[in-house]
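Welcome! Please take a moment to look over the sequence and the 3D view before reading on.

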Amino acid sequence: MSELSVSGCSLFELDVKGDELGSLVAIERATGLPFDIQRAYYIFGTRADQSRGFHAHRDLQQWVICLAGSCTFRLDDGSNVSEFLLDRRDTALQIGSWVWREMHNFSPDCVLLVLASAPYSPTDYIRDYDEFCAEVRHQS
Ligand code: TYD
């Protein structure tokens with residue numbers, strides 16, 4: 001696992017079972033997932049000129065796996081920013097609570113799988129960056 005400079009975020013190397021039939025990755029607590037999955041969703045049909053995200057969560061752990069293609073993630077904990085290309089099938093991006101995330105530069109074939117620790121809750125979202133910064137400051 002490699003920690004990112006952004007609080008609560010890291011890149012986790014997944015164990016790939018590969019043979020002449022292809023590759024398979026299994027994800028469960030025993031293989032390193034640090035939360036119970038309450039929700040899974042996936043994002044596809046994105047456009048290179050349309051970015052997504054622009055929000056943070058107050059109480060949510062997520063693993064993001066890029067199943068096809070690539071996109072650029074920009075993560076921000078209010079103090080540190082990390083920007084990188086997510087383009088590997090054998091890597092999970094862990095994003096904790098209180099992290100502002102943006103996704104840019106989607107390749108046309110990009111498919112993102114997201115595993116989440118809680119059901120969908122619109123009230124858990126912070127969609128205003130200034131409000132996010134104010135709430136993060138209030139936390140510390
Ligand atoms: P949103 O989280 O804003 O997507 P992104 O951050 O990738 O741009 O969600 C887009 C829409 O989908 C929004 O109307 C809420 C809805 N949605 C659900 O109904 N359930 C979910 O689990 C998620 C993540 C989104």
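## A note before starting

What you see is a predicted model. Residue numbers start from 1 along each chain.

Six of them form an open sheet, and their order is 1-2-10-7-12-5, with antiparallel pairing. Strand 1 (2–3) and strand 5 are at the edges and have a single partner strand each, so one side of each has no neighbour in the sheet.

Inside this order, strand 2 (residues 10–13) meets strand 10 (residues 91–95) in the antiparallel sense, with four bridges between the two. To find this pairing on your screen, look for E13, which stands opposite T91 in strand 10.

Another open sheet is built from five strands in the order 9-8-11-6-13, and its pairing is antiparallel. Its edge strands are strand 9 (81–86) and strand 13 (125–126), each of which pairs on one side only.

Strand 8 (residues 71–76) runs antiparallel to strand 9, and six bridges join them. Here you can pick out F73, whose bridge partner in strand 9 is F84.

## Around the ligand

Now turn to the ligand. Which residues are around it? They are R39, Y41, I43, R52, G53, H55, Y120, Y125 and R127. Sorted by class, this shell holds four nonpolar, two polar and three charged residues.

Several side chains place polar atoms by oxygen atoms of the ligand. For R39, a polar side-chain atom lies 2.5 Å from a ligand oxygen atom. In the side chain of Y125, an N or O atom is 2.7 Å from an oxygen atom of the ligand, while for the side chain of H55 the corresponding distance is 3.2 Å. Taken alone, the ligand exposes 530 Å², and the protein buries 61% of that. Strand 5 and strand 6 are the elements that give two or more residues to the shell.

## The largest pocket

How much space lies in the largest pocket? The value is about 230 Å³. This pocket is lined by 15 residues, and those closest to its centre are Y41, I43, G53, H55 and M103. Among the residues around the ligand you will also find Y41, I43, G53 and H55.

Which strands supply at least two residues each to the lining? They are strand 5 (39–43), strand 6 (52–57), strand 7 (62–68), strand 11 (100–104) and strand 12 (111–116). Strand 6 gives the most, with three residues. By class, the lining has nine nonpolar, three polar and three charged residues.

## Bringing it together

How values were computed:
This is a predicted model: local features need pLDDT of at least 70, side-chain atom pairs count only at pLDDT 80 or more; totals for chains, interfaces and linings use all residues. Side-chain values use heavy atoms; hydrogens and water are left out. On a 1 Å grid over the protein atoms alone, a cavity is a set of points where a 1.4 Å probe fits but cannot get out, and a pocket is an open set with protein on both sides within 12 Å along at least five of seven lines; lining residues have an atom within 4 Å of a point. Grid points are joined across faces, edges and corners, and a volume is the space filled by probe spheres set on the points. Ala, Val, Leu, Ile, Met, Phe, Trp, Tyr, Cys and Pro count as nonpolar, Asp, Glu, Lys and Arg as charged, and the others, Gly among them, as polar. Two strands pair if DSSP finds at least two bridges between them. A residue is near a molecule or strand if one of its heavy atoms lies within 4 Å of it. A polar contact is a pair of N or O atoms within 3.5 Å; within protein, one must be able to donate a hydrogen and the other to accept it, and residues adjacent in sequence count only if both atoms are side-chain atoms. Accessible areas come from the Shrake-Rupley method with a 1.4 Å probe; for residues, only the protein chains shown count as cover.
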